[in-house]
Amino acid sequence: ATVSVLYWLGLGDRRKMTSLQGRNPLQGVTTALPKLVGCSFPELNQPVTHRKKQLLVKSGNRTDMVGTKERGVEHAGGAEKKLNAEKIGNMMPEWQTLDKKALRFYAYFREPVQESRVESDRLRKLVILYYLEDDTMQVSEPRQQNSGILQGSFIKRHRVMKNEKEHMDLHDLTVGATITIYGKAMLIVDCDAFTREFYSRAGIDQPEAIFVPEDSHEQWQIRARQPRVKDPELKRVMDLDASQRAGGTVHKLSSEAKELSKTFYMYDRKVLRFNCEWKDPSVHGETHALVLLYFLADKTCVVSEFNPPNSGKDPFPTFLKRQKIPKAGCPAQGVSLETISSKYRSDQFYTEKDLYIGARISVFGRELKICSMDPATQQYYRANHGHTDFTPIPIDLPTKPAPPVPKPPPHSGIGNEEDSLGSWKHLVLKPPRRDQAKELRDSDKVLRFRGSMLSSHPTDQGRKFIVCFYLADGTVQIFEQPCMNSGLTGGKFLCRQRVKVGTDDNGGPVYLRDEAFRVGNVVEVLGSKFVLEER
């Protein structure tokens, strides 16, 4: 529109102005415009400085083009001459040529483990990444299942110092070399294929991979995850029974297999219970109360320790897991619930015939004495073995003194004593309970007696009182009858209240009850004694 206006004004040729390239076609003619308001165009005086840019990716490198010439290509005499790799490397920065390229090494170090029965040290496997663009290093540890330690990022990415003045570079990373990073001596054992090729092109050969020793904790986890080998003899008995029930072919069983199958089906879920004691012969040993369970189905035993409340012992009652208990001098290796076959003779292990009151059995070097048995076990021995004497033997357990019973503090005299006692018994205050049914039933029932004070003082002779006992809430009220020329003012002698006569075993107050109010009885109220008479 501006070009049209200028052309209409006769200030230029439209074809000439539109054919100009490389500069503003209206530049130079704006000075001919009058200096009036609304006729100035400052944007027309700005020079054209933009440059046409295009991105080009060639041979994996990012370049920009200016016109028809490309960076990285030289034009000499109309012929294109390509640059070699060395010139390109000099022209391109390292962060661009070595971007996203890292060397990977595998290493390990040993870490000591304290107070563990499974291992004495742990083999920590690491992965070291060396980034070529900025010479930084990153160390990570692959995660293992149930390792018990924090794994993952071991050392964050940064430049690692080799000494006080130099950083660690790629020449320090060699298979078989030991590098120390923040006090951890790591042995490099291998690297990946890209790392070997990179060093080979640089004229450095990496040694072959080094053998990595086995980790005891890892081997223990592998063994723990493997399925346990069950007893083949018992499995064969179960398979034969299932085959017989299904109508299949039944093979003859051996005598041991028949006996095992018979006892399994006859005494399944039948257990004998014995109470035992074990006297620890150590320096600070004491007497332990144990419970022995004997399973009749497979002739195995379980020993548990009975810990009374507040005994100060850890809540781990298992003394011996379920297995056969060998007698003294018999091999104990491989004797467990899974080996209940006829591999060992029956006389090598304790059976029900060896278990009775007063018997002493050796449980892997610890001598247990059977002291008693439960009624079901007594009935079994009475029916199958003819035992009649089941007199228990007392277990000599260490007696501890009973903890002292705390006594409530004395009443301060402010408020009701039961309310004050509730703040001592409970953290959250609770009001004392009231028998509302009795209050409604006996709300209008009062026991009234004429009384005289039982005292040796001559002033108290001849004083007459009216003693009232309210059945609704157990309160007592006393009035004194006026007597002329006695010098004493009659009227209210005791306000209506509950009269305390003592304390119970728990330290609580005991008040006067209606049983004490009979004609002829002597009632003591706050230190004064009254003889009850008929009204």
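The points below go through selected features of this predicted model, element by element.

1. The six-stranded sheet. Six strands make up an open sheet in the order S15-S14-S13-S12-S17-S16, and their pairing is antiparallel. Its edges are taken by strand S15 (318-323) and strand S16 (360-363), and because each of these has a single partner strand, one side of each is left without a neighbour in the sheet. On average, neighbouring strands in this sheet are turned by 30 degrees against each other, with direction ignored.

2. Strand S12 and what surrounds it. Within this sheet, S12 runs antiparallel to strand S13 (residues 287-295), and nine bridges join the two; Leu272 stands opposite Tyr294 of S13. Helix H9 (residues 375-384) lies across both S12 and strand S17 (366-373), and the direction of H9 is at about 110 degrees to that of S12.

3. The loop between helix H8 (255-266) and strand S12 (271-279) contains Arg269, whose phi is positive, near 65 degrees, in a residue other than glycine. For context, most residues other than glycine have a negative phi. Is Arg269 buried or exposed? Its relative accessibility is 80%, and since exposed means over 50%, Arg269 counts as exposed.

4. Strand S10 (residues 178-181) has Ile179 and Ile181 on a covered face, whereas Thr178 and Thr180 are on an uncovered one. S10 pairs with strand S11 (residues 184-191) in the antiparallel sense, over four bridges, and the bridge partner of Thr178 in S11 is Leu187. Two residues stand between the strands of this hairpin, and Tyr182, in the turn, has a positive phi of about 55 degrees.

5. In strand S24 (residues 522-525) the covered face consists of Val523 and Val525, while the uncovered face carries Val522 and Glu524. Four bridges pair S24 with strand S25 (residues 528-533) in the antiparallel sense, and Val523 has Phe530 as its bridge partner in S25. The hairpin has two residues between its strands, and Leu526 takes a positive phi near 55 degrees there.

6. Asp135. A further positive phi, of about 60 degrees, belongs to Asp135, although this residue is not a glycine. Asp135 sits in the loop between strand S7 (121-131) and strand S8 (136-141), and with a relative accessible area of 31% Asp135 is partly exposed.

7. The largest pocket. The volume of the largest pocket is about 880 Å³. It is lined by 27 residues, of which Glu418, Pro432, Arg433, Arg498 and Tyr511 are the closest to the centre. Which elements give two or more residues to this lining? They are helix H10 (417-425), helix H11 (436-441) and strand S23 (509-511), and H10 gives the most, with four residues. Sorted by class, the lining has 12 charged, 10 nonpolar and five polar residues.

Note on methods: Residues are numbered from 1 along each chain as its sequence is written. This is a predicted model: local features need pLDDT of at least 70, side-chain atom pairs count only at pLDDT 80 or more; totals for chains, interfaces and linings use all residues. Side-chain values use heavy atoms; hydrogens and water are left out. Buried means under 20% relative accessible area, exposed over 50%, partly exposed in between (1.4 Å probe, protein chains only). Two strands pair if DSSP finds at least two bridges between them. Axes are lines fitted to C-alpha atoms, for helices over the stretch in contact, and angles run from 0 to 180 degrees between N-to-C directions. Contact means heavy atoms within 4.5 Å. On a 1 Å grid over the protein atoms alone, a cavity is a set of points where a 1.4 Å probe fits but cannot get out, and a pocket is an open set with protein on both sides within 12 Å along at least five of seven lines; lining residues have an atom within 4 Å of a point. Grid points are joined across faces, edges and corners, and a volume is the space filled by probe spheres set on the points. Ala, Val, Leu, Ile, Met, Phe, Trp, Tyr, Cys and Pro count as nonpolar, Asp, Glu, Lys and Arg as charged, and the others, Gly among them, as polar.
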